[in-house]
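Trainee: I'm new to this one, could you walk me through it?
Mentor: Gladly, take a look at it here and then ask away.

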Amino acid sequence: MDYDLLFCTTTDGCLYYMPAVIARCVEDYEAANILVDSLENWFRYYPFFTGSAADWPRMIGEDGGSEESHHLYWVQSWLMMDRLWRDRLAMMRQMTVAERDVLVAFYSYLDDTHDRVVQSERTRRSAKALLAGRGLLDVLLLRSNDECIELVEVIRALETDFPHGFPARETAPIRNTLLDIAAGKRSPQETLGW
């Protein structure tokens, strides 16, 4: 399959083949649709249940079983606390500025010419902010101190309701950074290592 070429390789292999994959996506968007989706969601993925973040703990709990694991995974990924996130961050550290810029341009191309689904737009906007080195608020698509505090409360609820998926030792960096930004102790352009 198309997506095996890029997404089942090492970091070096992924970086080596990424230009060819992007070219394929641009040349024949329809034929490369699965590949486009994979590349689009490579660095960020807005949780597919697009209710407000305050609803996430309830939505995870309602699904139960394997669906709970699925929802937990995507929220962990969005909050940048899972193994996949650490792998992507390691890959980003190996990328040149030019490689990052190409991906930002590719995501902008998708914004301008293709999919207008809100979830995809949010995913791409977050990925572009991350690849451009912008701050935590831009990457998490937060617009105000109130939204920072709301997300902190959601994280606390997740820590309480799903301690196996959201252990406080792993959520603390993002939770504390958001609190400091809201309190004016850190810049809104604070990053978590990218």
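Mentor: Helices here are DSSP runs (H or I, at least four residues), numbered from the N terminus, and the expected span of a helix is 1.5 Å times one less than its number of residues. Bear in mind that this is a predicted model, where local features need pLDDT of at least 70, side-chain atom pairs count only at pLDDT 80 or more, and totals for chains, interfaces and linings use all residues. Residues are numbered from 1 along each chain as its sequence is written, and side-chain values use heavy atoms, with hydrogens and water left out.

Trainee: OK, how many residues does helix H2 have, and how far does it reach?
Mentor: Helix H2 covers residues 11-27, which is 17 residues, and spans 24 Å from its first C-alpha to its last, close to the 24 Å expected.

Trainee: Where in H2 is the kink?
Mentor: The kink, of about 45 degrees, lies at methionine 18, shortly before proline 19; the bend is the angle between axes fitted to the seven residues ending at a residue and the seven starting there.

Trainee: And which residues of H2 are buried?
Mentor: Gly13, Cys14, Leu15, Met18, Val21, Ile22 and Cys25 are buried, meaning under 20% relative accessible area with a 1.4 Å probe, protein chains only.

Trainee: Switching to H11, where does that helix bend?
Mentor: H11 bends by about 25 degrees at isoleucine 174, and Ile174 is among the buried residues of H11, as are Thr171 and Leu178.

Trainee: What do those buried residues pack against?
Mentor: The buried residues of H11 pack against helix H9 (136-139) and helix H10 (145-161), where contact means heavy atoms within 4.5 Å.

Trainee: What comes just after H11?
Mentor: Glycine 184 is found there, with a positive phi of about 80 degrees.

Methods. Helix = DSSP H or I, 4+ residues; strand = E, 2+ residues; numbered from the N terminus. Buried < 20%, exposed > 50% of the residue type's maximum accessible area, 1.4 Å probe, protein only.
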